[in-house]
Amino acid sequence: MKYVLVTGGVVSGLGKGVTASSIGLLLKACGLRVTSIKIDPYLNTDAGTMSPFEHGEVFVLDDGGEVDLDLGNYERFLDIKLTRDNNITTGKIYQSVIDKERRGDYLGKTVQVVPHITDAIQEWIERVAKIPVDGQEGPADVCVIELGGTIGDIESMPFIEALGQFSYRVGSGNFCLIHVSLVPVLNVVGEQKTKPTQHSVRGLRGLGLTPNILACRSTKALDENVKGKLAQFCHVPEENIVTLYDVPNIWHVPLLLKDQKAHEAILKGLNLLDVARKPELKEWTARTKVFDTLHDPVRIAMVGKYTGLSDSYLSVLKALLHASVACHRKLIVEWIAAGDLEDSTAKEAPDVYKAAWDLLKGVDGVLVPGGFGDRGVQGKILAAKYAREKKVPFLGICLGMQIAVIELARSVLGLHDANSTEFDPETTNPCVIFMPEGSKTHMGGTMRLGSRRTYFNVTDCISAKLYGNVSFVDERHRHRYEVNPNMISKLENVGLSFVGRDETGQRMEIVELPSHPYFVGVQFHPEFKSRPGKPSALFLGLIAAACGRLETVLHDNGHVRKPLTSAMSNGHSMMKIHQNGGAIKLSNGSVNGVYSNDMHSILPQFKTWSTTRANCIANARAHFVCKIGRFPSIIWKHSHYIVPCFLF
């Protein structure tokens, strides 16, 4: 087994996750099998109980693991299925060591950070690296490990010590360290400064780790004299110093690494030059180039609770992007805080209320994502009502499905106090109830989690057709509440159709409104299995309906063929849509930039983004904010032009 370790220095948010994913993709393109591990030094056992504002979205795996959003990047870039053990946290390590101590595994010895914690870290890495994640038998060839945080953080010290020991144990020919650092450019002098990286590498070397490759984040490519200075003071060969400069979208990053021959440096360090082939990235390159050909916009309203940080809905954004590419549309996301649509906002901040409703009325489709808690619920209900009454394409995910059911019960059935027991435990018309098997005393890991099977009990419906007319689908879940089965007959009598259910037939999974062009709610999270080139079926349906192409997508059991653009190869190509069943094919092509407005980033001044993971702020008169993963970009809209800034 070969190991590639990715660390970060100077500041957080430089893009270690995207860099690690891109390295994995590059090695996979060289014919190697790749797996990934993310190390998070926090004491939480997993990310399940963390606020999206604190740490971004919680990504859910097939086995029910609630993990860091970087594992979502790994799965999307490498098209693999990871396990909960691929996310290592301080909490998991300490818990495993303490459990061993309680069992008496240490035979009365004094349990210490060194060697017991450090040994546990190394054993965990070796064990998990051998788990196949690509559907093939046997372990992968290379394991890419990302160490979260920044070199020098006190909480990551045990991991750095363990990785130092680990690199010595496996040998230099089996271990390659890539250090991602910052080379800032001071506006005053316009000069690239190497001192932050020098100090970061010095700190890393002082902790027992020596980088083989430097990946330097900067606004532009490094000057040759800057590379020479870094090579001299950081003791890294000049050919092993690559620049991760600003690019239009993150799909360019693997190509950036390839162009600078980063794969050759990695393969040389791992003694794999004779085994690996030249990287094959034609499809990825074509998909990236097609970005420039997408001009016709599709506007989707994201009505949520955590709109102040787009990382809270990262996988949803990616799934929308994959689907918009399949439909050859430029995605524009209109961020709408659900609370801004409520009557209370009309009284307290009428301008904000009017702006929110103006945005909602100007979109081509509405998406209400998952969430917890009662803040903004009434606004989400109003958004669902607007979409239902105005025949605007609608997709509700998890809580989004539940509020769609509540809205119909209130507006059509006349049950004005219809609600979820999550928000009103005393309601006399509980449309959504707590699941019987759930725990009301423990929060972490007690939801209905992971991949679960949904059976179509109605075959002639939009969802079944989008999935390729299969009899069932496997999608990932994360919820404590469900639609009340005792209310189903009443709801179906007024037009709702629960077309997908679990194996018992009692748990509602997919709901549609047949009288509506596209009104779909799902209890699961289809965004977690969307991939570049293989968009989620239901997101594809939303985008297709929003741009008037749903019938085309549904034609002939969901197969659509279309000539390629000039950016692709000659002839025809088909894009396979993620559907857990029969193939749905569309023309290839993509964009990895999401254009969006951010109503909560309006300030009386215009600020460009820093290299940290800060929110972008745009001018009140001209503001379009776009974020891909942890890399923000500003789209400045004024009158008749849109000027994109770079975002890696």
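Select K38 and D70: both are buried (under 20% relative accessible area, where exposed is over 50% and partly exposed is in between, using a 1.4 Å probe and protein chains only). This is a predicted model, in which local features need pLDDT of at least 70 and side-chain atom pairs count only at pLDDT 80 or more, while totals for chains, interfaces and linings use all residues. Residues are numbered from 1 along each chain as its sequence is written, and side-chain values use heavy atoms, with hydrogens and water left out.

K38 and D70 form a salt bridge, with their closest N and O atoms 2.9 Å apart; the term means a side-chain nitrogen of Lys or Arg within 4 Å of a carboxyl oxygen of Asp or Glu. K38 lies in strand 2 (residues 34-40) and D70 in helix 3 (residues 70-78), so the pair ties together parts that are 32 residues apart in sequence. Helices (H or I, at least four residues) and strands (E, at least two) are DSSP runs numbered from the N terminus.

Next, select D62 and K81. Their salt bridge has its closest N and O atoms 3.7 Å apart. D62 sits in the loop between strand 3 (59-60) and strand 4 (66-67), and K81 in the loop between helix 3 and strand 5 (87-89), so this pair joins parts 19 residues apart in sequence. D62 is partly exposed at 22% relative accessible area, and K81 is partly exposed at 44%.

Within it, zoom in on R531, in the loop between strand 23 (519-522) and helix 19 (537-546). R531 is buried, with a relative accessible area of 5%. The side chains of R531 and E75 are joined by a polar contact of 3.1 Å (a pair of N or O atoms within 3.5 Å; within protein, one must be able to donate a hydrogen and the other to accept it, and residues adjacent in sequence count only if both atoms are side-chain atoms).

Move to E509 and R448, whose side chains meet in a salt bridge of 3.0 Å, N to O. E509 is in strand 22 (residues 508-512) and R448 in strand 18 (residues 448-456), so the pair ties together parts 61 residues apart in sequence. E509 is buried at 0% relative accessible area, and R448 is buried at 5%.

Finish at T288, in helix 11 (residues 282-289). T288 is buried, with a relative accessible area of 2%. A polar atom of its side chain lies 2.8 Å from the backbone oxygen of W284.
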